[in-house]
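Subject: Structure handover

Hello,

The structure we discussed is below, together with its sequence. My notes on it follow.

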Amino acid sequence: MTTQITSFTDYKNIFDQSIQSPEKFWAKEAQTFEWHSIWDTVLDYDFDTPSISWFVNGKLNITVNCLDRHLPEHSNRVAYTWIPNNPDEISRSYTYQELYDLVCKCANALKSYNITKGDRVCIYMPMIPEAVIAMLACARIGAVHTVVFAGFSSEALVNRIIDAEAKLVITTDGAFRGPGEIPLKEMVDTALSSKTTTVEHVIVYKRTNSEVTMTPKRDIFWDSFMDNQPAECPPEIMDSEDPLFILYTSGSTGKPKGIVHTCGGYMVYTEYSFRNVFHYEPHDTYWCTADIGWITGHSYIVYGPLLAGAQSILFEGVPTYPDPGRFWNICQDYKVTQFYTSPTAIRKLESFGDEYVKSYDLTSLKTLGSVGEPINKDAWEWYFTIVGGGNCQIVDTWWQTETGGILISSLSQVTPSKAGYAAYPLPGIMPIILDENGAEITTPNTEGFLCIAHPWPSMLRTIHNDHQRFQRTYFSRFKGTYFTGDSAKLSPDGLLKIIGRVDDVINVSGHRLGTAEIEEALNSHPDISESAVIGYPHSIKGEGIYAFVKCIEDTHSEENLISELTNHIALVIGKIARPDKIQIVPDLPKTRSGKIMRRILRKLAMGEKDSLGDTSTLVNPEIIESLSRGIIPA
Ligand code: PRX
């Protein structure tokens, strides 16, 4: 097991050592894992090309470290207790041995359908154990999984399938979500019939037992796929730098980026950060409420906890079903010790009042985590006082799909926490705040661009099929350093505060969306000629989506068009990207060169018409008055 930091003094010493000799530091952590053969160089990198290799020529299989190495000693330890969406349905537990057997069977089944090392497998599933089994089965045989969040539409799914050139899709007949059902298989069928893909087979796990159409030869039910497969599968020997998975995330252009993570470094960092941020101890019960379709699910539901031999909850449902006490009910019944969720969920549950929390015994809780967006002071206080009863440490964890693991956070029971601050970098992480010109800002309370000066093991290695975009996005704004896209500042006592994105990415309910992606989707509607999308402060979601759209001609009633556009976005991207506000406008504010001035739209949307700043470069200043009259109030 990796180092467990025990006190603030210990943290400071280890941090200093990690900065002085990063390679020595990481080699020591990496040695705690099972490697098929050890690396010959710890780190080889060049941020200009860019090229990053950790544990060069080391050979391993991450599933050996997630599963085999806990056996037979911990065969009967529960890896997951799965809690279904419907509280009347019985929960199921999986020991490390059972998980191992199922992963091996699934790995053998994948092989029997000609999936081999390097092939891409798309997983489009709800939060059920089979989703985790499918991910690990891919990793067992060296196939690269690409999990697509089950809330994405058919079109978003097929675009990811095409970009990843997936050979096989694993899905379910349907998904239960709160009181509703989502017809996942039907969405896969629509996806695969809309465009030509490389998909040869679709595996369908029966979750809702709803009617599905099975395409002969292509589609196979999970049970027959797994049937008669042996529960032993030798692990594929992977190079430390072989890809483990691709996960799509939004950027500042319309096309999502396939973030590539590799085996060795990701393994070392996810276990190390999991154990230290959450202070996981034997017999704890850890619960992360994220979806496996996001990086939080990958790193802190699947890989980090399994690598640490932890016991976790896997939850299929939503926070408010059957009522807003669901999370707290589960925490009480399963004696959860570490609970990790998003500020949006916290704010939403807070809005239902304290009674839902207070009717449950939450004294088992020790650590409360937050992720995905800045947590405002009010939500932080409520989480601390009402949920934690003033006895739990809050860890506000800052990281990204690209970083693979938590880079900045207080460490539970080790370093102090403060509302509004992600706090301290983990040992081995070197954040710096830069000004416009790339000079380091050391003056407290001065906002600047958050960068990471030195590689860390779980950083992304490239963007699938677009290494140039990788270089441009992260390594060109400031030379020789990784640019996060966020702004931050330091407090006088050295704590880091994350302020927010500085690019055209917005964070809606902790879901990352590109404004360009939503604009592209709006513009693909036949009645729309142009659009501009901005984020605005939203009391529950953190940021809401405000769309200004210009029509080709006035053919619709405004109300019809707005509902049509809302449905259109749900079809093109998914429900998560539906705008909160759509304003039909006669024109958009533009510069002489035709660039839309989103800054002005942001100010108008926030009711700051009197502080628009310099508008002299606008080619159509007269538009401001009419835009301002039409602003949809909060
Ligand atoms: O802006 C930061 C915000 O979420 C972005 C990363 O989004 P994504 O790749 O979807 O990963 C989310 C889960 C790790 C960051 O660039 N963000 C994430 N965590 C925090 C945060 N902003 C403030 N505080 C955080 N704790």
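This is a predicted model: local features need pLDDT of at least 70, side-chain atom pairs count only at pLDDT 80 or more; totals for chains, interfaces and linings use all residues.

An α-helix has 3.6 residues a turn, so residues three or four places apart point the same way.

**Helices H16 and H17**

Helix H16 (residues 515-523) packs with helix H17 (residues 558-572) at an angle of about 115 degrees, and their axes are 9 Å apart. The crossing of H16 past H17 is right-handed. On the H16 side the residues are Ile 518, Ala 521 and Leu 522, and they meet Leu 565, His 568, Ile 569 and Val 572 of H17. By class, that contact consists of six nonpolar residues and one polar residue, with no charged ones.

**Nonpolar cores**

The largest nonpolar core holds 123 residues, and within it Leu 136, Val 302 and Tyr 303 have the most contacts. Helix H5 (residues 129-141) supplies the largest share of this core, with 10 residues. Another core lies apart from it and has 42 residues, including Val 158, Ala 191, Ile 518 and Val 549. In soluble globular proteins, nonpolar side chains tend to be buried together.

What does Leu 136 touch, not counting residues up to four places away in sequence? Its partners are Thr 63, Cys 66, Leu 67, Leu 99, Val 103, Val 302, Tyr 303 and Leu 306.

**The annotated domain**

UniProt, in an unreviewed entry, lists residues 68-456 as "domain: AMP-dependent synthetase/ligase".

**Backbone points to check**

There is a cis peptide bond between Thr 49 and Pro 50, with omega about -20 degrees. Pro 72 is in the loop between helix H3 (62-66) and strand S4 (78-83).

Glu 165 is not a glycine but has a positive phi of about 50 degrees. Its place is the loop between helix H6 (154-164) and strand S8 (166-172). With a relative accessible area of 39%, Glu 165 is partly exposed.

His 279, again not a glycine, has a positive phi of about 50 degrees. This residue is in the loop between helix H9 (263-278) and strand S16 (286-288). Is His 279 buried or exposed? His 279 is buried, because its relative accessible area is 9% and the cut-off for buried is under 20%.

**Thr 172**

Thr 172 lies in strand S8. Its relative accessibility is 0%, so Thr 172 counts as buried. Leaving aside neighbours within four places in sequence, Thr 172 is in contact with Tyr 124, Met 125, Pro 126, Ile 128, Leu 184, Lys 185, Val 204, Tyr 205 and Arg 207. Thr 146 is 26 residues from Thr 172 along the chain, and the C-alpha atoms of the two are separated by 16 Å.

Regards

Notes:
Residues are numbered from 1 along each chain as its sequence is written. Side-chain values use heavy atoms; hydrogens and water are left out. Axes are lines fitted to C-alpha atoms, for helices over the stretch in contact, and angles run from 0 to 180 degrees between N-to-C directions. Helices (H or I, at least four residues) and strands (E, at least two) are DSSP runs, numbered from the N terminus. A crossing is left-handed if the near helix is turned anticlockwise from the far one by less than a right angle, and right-handed if clockwise. Contact means heavy atoms within 4.5 Å. Ala, Val, Leu, Ile, Met, Phe, Trp, Tyr, Cys and Pro count as nonpolar, Asp, Glu, Lys and Arg as charged, and the others, Gly among them, as polar. A nonpolar core is a set of buried Ala, Val, Leu, Ile, Met, Phe, Trp, Tyr and Cys residues joined through side-chain atoms within 4.5 Å. Buried means under 20% relative accessible area, exposed over 50%, partly exposed in between (1.4 Å probe, protein chains only). UniProt positions are given in the numbering used here, feature names are shortened, and annotations may be inferred rather than shown by experiment.
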